[in-house]
Amino acid sequence: MPSRRIILAGLAGLGLAAGCATKRPPTSLEIRQQSGTLAHIALTNPWKAGAEAGPVADNWLASFNDAQLNALVAEAMANNPDLRITAVRVEEAAQYVELAKAALRPTVNLLGVGGLNMGGGDISSALQGVSLGVSWEPDLWGRIRYGRNAYQATYASAQADFEFARQSLAATMAKGWFTASETYLQIQITEDIIRSAQDLVSLAEKRWTIGPGNEQDVALARANLETLQDMAVQVRLAHGQSLRAIELLLGRYPAAELRARQDLPTLPSPIPAGLPLEMLERRPDMVAAERRVAAAFNRVGESKAARLPRISLNANVAAIQSDILQLKDNFSNPTGGVGARLVAPIYQGGALVTQVRIRTLEQKEAVAQYAQLALRALGDVETALATTQTLDARAQLLRDAVKNNQRALALAQTSYRVGKADLRAVQQQQLAVLSARVSLLHVESEQLAQRTNLHLALGGSFEHPPTPQAAVGTTRP
C-alpha cells in the first residue's frame with residue numbers, strides 16, 4: 001500500500017509539473033508570414049488611393065448628426081433577429097469553454113444502493129450502502145488544455161464576429177436610411193417635373209385651340225406627361241421598398257410606415273484612414289479570422305497529444321452492509337481505496353496519425369482564409385477611398401450640370417411660348433433637367449454610403465468603444 005501511494009503521488013506531481021507544456025498559437029505577424037501572400041505586401045505604407053493621415057476614429061455614426069438615425073441604429077441593435085442569432089452563438093461558444101474547463105477538474109460521484117430481497121430477485125437488491133468516488137485525469141501532455149485553448153479561441157472568434165455583425169448592421173442601417181431619403185427626394189423632383197409637363201399639356205392645348213399649335217404637339221405633350229408619371233410610380237415603389245428593408249432590419253413588420261428624412265445629411269469632413277497594417281489588427285472580422293487560426297493550431301496540439309498515454313487517478317470510500325449476505329471476514333466499514341488506470345494507444349489502424357494530418361490541414365486552411373479575408377479587407381478600403389474621390393469630382397460636375405440645364409429649360413420654355421421653338425425641344429430639356437437632378441441626388445447619397453463603407457472597412461466602431469478589459473478567450477498554458 002505505501003508503494004502504491006508513492007506511485008500515485010508521483011504521477012499526480014508529474015501531471016502538475018506538465019501544466020505549462022502547451023505551445024502558444026502563431027501571432028498575427030507569424031500568420032501573415034505563413035500565408036505567403038501577405039508576406040510580400042508592404043502593409044506599413046500609406047494607402048495607394050490616398051487618404052488623410054492620422055488614427056482612425058470611432059463613433060462615426062455621430063458624424064452624420066442625425067438623431068433619428070442614431071435612434072434607429074439603437075433599435076436595430078436591440079431587435080434585429082439576425083444579430084440575436086449571432087449573440088446566441090457567442091453564448092454557445094462560452095458554454096463550450098466552460099465544458100472544456102470541466103475536463104481539467106476532478107469528477108466526484110456519489111453512489112447509493114439499497115433494497116429488500118424477497119427471494120428469486122437480483123441479489124444486489126439485498127445490499128445497502130453508499131460510495132463516494134473521485135476521479136481525475138492528469139493532463140500530462142496538454143491534450144485537455146489544448147482542447148480548452150481551442151474552445152477559448154473559438155469563443156474569442158465568435159465575440160469578434162458578433163462585433164463585426166453589429167458594425168455591419170449599423171452601416172447597413174445608415175445606408176438604407178440614406179437611400180430612403182434619396183428616393184423620397186426623387187419623388188419630389190419627379191413631381192416638380194410632372195407639374196411642369198402638365199403646364200406644357202395645357203399650353204399645347206391652348207395653342208391648338210387658338211391656332212398656332214397642332215394636334216401632334218398635344219399628343220406629344222400628353223405622352224411625355226404619362227412617361228413622367230410612370231417614372232413617379234416606379235420611384236414611389238422604390239421608396240416603399242427601402243422603407244420595408246429598414247423596418248425588417250429593425251425587427252418591425254414591413255409596412256412601409258416609417259417616415260424617411262426629407263433631406264440628405266451633410267457629408268462630414270474627410271476622415272483619417274491610418275495604415276493597412278493597423279486596419280488588419282483592428283477590424284473585428286480580421287481578429288475573428290486570427291482566432292480561428294489559433295483554434296486550429298490548438299486542435300493540432302490536441303490531436304498530437306491524443307497519441308500519447310493517458311492516466312486516470314481514482315479514489316473511493318464506501319460503507320456497505322447486507323442482511324442476508326456474508327461479506328468477507330476482514331471486511332470493515334467504512335472501506336476505501338485508490339487506484340490508477342493507464343491507456344496507451346498502440347495501434348488504431350492509422351486513425352490517430354490521420355487525425356493529426358487532418359487538423360494540420362485545417363490549420364493551413366485557416367491561415368489561407370485569413371490571407372483571403374485580409375486581401376478582401378485591403379480591397380474594401382482602397383475601393384472606398386478611390387470611389388470617394390470619384391464621387392467628389394462627379395458631384396461638382398453635376399451641380400454645374402443641373403444649374404446649366406435649368407437655365408436652358410427656362411430659355412426653351414420662353415422660346416416655345418413665343419413660337420420660336422417647338423414642343424420637342426422643351427420636352428427634351430425637361431428630361432435633361434430631371435436626369436441631372438436625379439444623378440446629382442444619387443451621387444450625394446452615394447457619397448454618404450461610401451463614407452459609411454469606408455468607416456466599416458477601416459474597422460472603426462460606430463459608437464464609443466467600451467473601456468478596454470482583459471481579453472476574453474486568451475490562450476493559457
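From the N terminus on, the elements of the protein chain run α-α-α-α-β-β-α-α-α-α-β-β-α-α. The secondary structure comes to 10 helices and four strands. These elements are DSSP runs numbered from the N terminus (helices: H or I, at least four residues; strands: E, at least two). The model is predicted: local features need pLDDT of at least 70, side-chain atom pairs count only at pLDDT 80 or more, and totals for chains, interfaces and linings use all residues. Residues are numbered from 1 along each chain as its sequence is written, and side-chain values use heavy atoms, with hydrogens and water left out.

Of the 477 residues in the protein chain, 39% are buried. Buried means under 20% relative accessible area, exposed over 50%, and partly exposed in between (1.4 Å probe, protein chains only). The chain exposes about 26000 Å², and carbon and sulfur atoms supply 56% of this area. Areas come from the Shrake-Rupley method with a 1.4 Å probe; for residues, only the protein chains shown count as cover. Among contacts (heavy atoms within 4.5 Å) between residues at least 6 apart in sequence, 84% join residues at least 24 apart.

Three aromatic pairs are present in the structure. Rings of Phe, Tyr and Trp (its six-membered ring) pair if their centres lie within 6.5 Å; planes under 30 degrees apart count as stacked, over 60 as edge-to-face and the rest as tilted. Tyr96 and Tyr151 are stacked, at 5.6 Å centre to centre and 5° between the planes. Tyr96 lies in helix 4 (residues 81-102) and Tyr151 in helix 5 (residues 143-210), so the pair ties together parts that are 55 residues apart in sequence. Tyr96 is partly exposed at 43% relative accessibility; Tyr151 is partly exposed at 27%. The charged end of Arg299 sits over the ring of Tyr151, 4.4 Å from its centre. The criterion is NZ of Lys or CZ of Arg within 6 Å of the ring centre and within 35 degrees of the ring normal. Ring pairs also link Trp60, Phe64 and Phe178 into a cluster.

Val356 is found in helix 9 (residues 351-417). Val356 is buried, with a relative accessible area of 10%. Beyond its neighbours within four places in sequence, Val356 is in contact with Ser303, Lys304 and Arg307. The C-alpha atoms of Val356 and Arg307 are 9.2 Å apart, across 49 residues in sequence.
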